[in-house]
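My entries follow in the order in which I looked things up.

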Amino acid sequence: QVQLVESGGGLVQAGGSLRLSCAASGPTFARYTMGWFRQAPGKEREFVAVIRWSGGTTYYADSVKGRFTISRDNSKNTVYLQMNSLKPEDTADYYCAADLGDAPWIPVRLRPADFDSWGQGTQVTVSS
């Protein structure tokens with residue numbers, strides 16, 4: 001298991017930007033595939049973005065493609081989610097997660113159940 005701590009959430013107007021950060025513990029962060037998920041009130045947790053440890057390939061939900069960017073700094077054990085052109089429908093609790101079992105020879109995994117460790121979440125509210 002790895003400990004994850006998110007930060008950077010807050011209240012922003014529609015069209016604005018926020019950058020979420022997720023700091024991870026442990027010496028093997030570079031070997032973790034990292035993802036961002038979100039959960040709005042009354043809804044299921046949904047995939048937002050993932051960055052694989054092998055090759056740094058990124059994947060995005062269609063709803064955020066072109067607006068959000070996931071990145072990682074292995075020297076700081078941190079993964080980021082840059083969110084631009086925010087919309088009210090982006091309002092949710094955002095969680096980072098680590099997939100400790102990812103490997104280059106398997107398809108990318110995007111379901112919450114595939115991720116092993118989770119942060120406590122950070123709230124993002126976008127006002128119209």
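**Entry 1**

I started with cysteine 22, which is buried at a relative accessible area of 0%; buried means under 20% relative accessible area, exposed over 50%, and partly exposed in between, with a 1.4 Å probe and protein chains only. Before going on, I noted that this is a predicted model, in which local features need pLDDT of at least 70 and side-chain atom pairs count only at pLDDT 80 or more, while totals for chains, interfaces and linings use all residues. I also noted that residues are numbered from 1 along each chain as its sequence is written, and that side-chain values use heavy atoms, with hydrogens and water left out.

What is cysteine 22 joined to? A disulfide (a pair of cysteine sulfur atoms within 2.5 Å) links cysteine 22 to cysteine 96, with 1.9 Å from S to S. Cysteine 22 is in strand β3 and cysteine 96 in strand β9, so the pair ties together parts that are 74 residues apart in sequence. Strands (E, at least two residues) and helices (H or I, at least four) are DSSP runs, numbered from the N terminus. Cysteine 96 also counts as buried, at 0% relative accessibility. The torsion about the S-S bond is about 45°, so I wrote the disulfide down as right-handed. I searched the whole structure and found one disulfide.

**Entry 1: the overall layout**

I counted zero helices and eleven strands. The radius of gyration, taken over C-alpha atoms, is 14 Å. This is close to the 14 Å that the globule rule (2.2 Å times the number of residues to the power 0.38) gives for 128 residues, so the protein is as compact as a globular protein of that length. Along the principal axes, the C-alpha atoms fill a box of roughly 40 × 25 × 25 Å. Buried residues make up 44% of the 128 residues.

**Entry 2: strand β11**

I then looked up the partners of β11; two strands pair if DSSP finds at least two bridges between them. Strand β2 (residues 10-13) runs parallel to β11 and is joined to it by four bridges. There, glutamine 13 stands opposite serine 127. Strand β9 (residues 92-99) runs antiparallel to β11, with three bridges.

In soluble globular proteins, nonpolar side chains tend to be buried together.

Valine 79 lies in β8 and is buried, at 0% relative accessible area. Leaving out residues up to four places away in sequence, I found that valine 79 touches (heavy atoms within 4.5 Å) several residues, among them Cys22, Met34 and Trp36.

Phenylalanine 37 lies in β4 and counts as buried, at 0% relative accessibility. Phenylalanine 37 and alanine 61 are 24 residues apart in sequence, and 9.8 Å apart in space from C-alpha to C-alpha.
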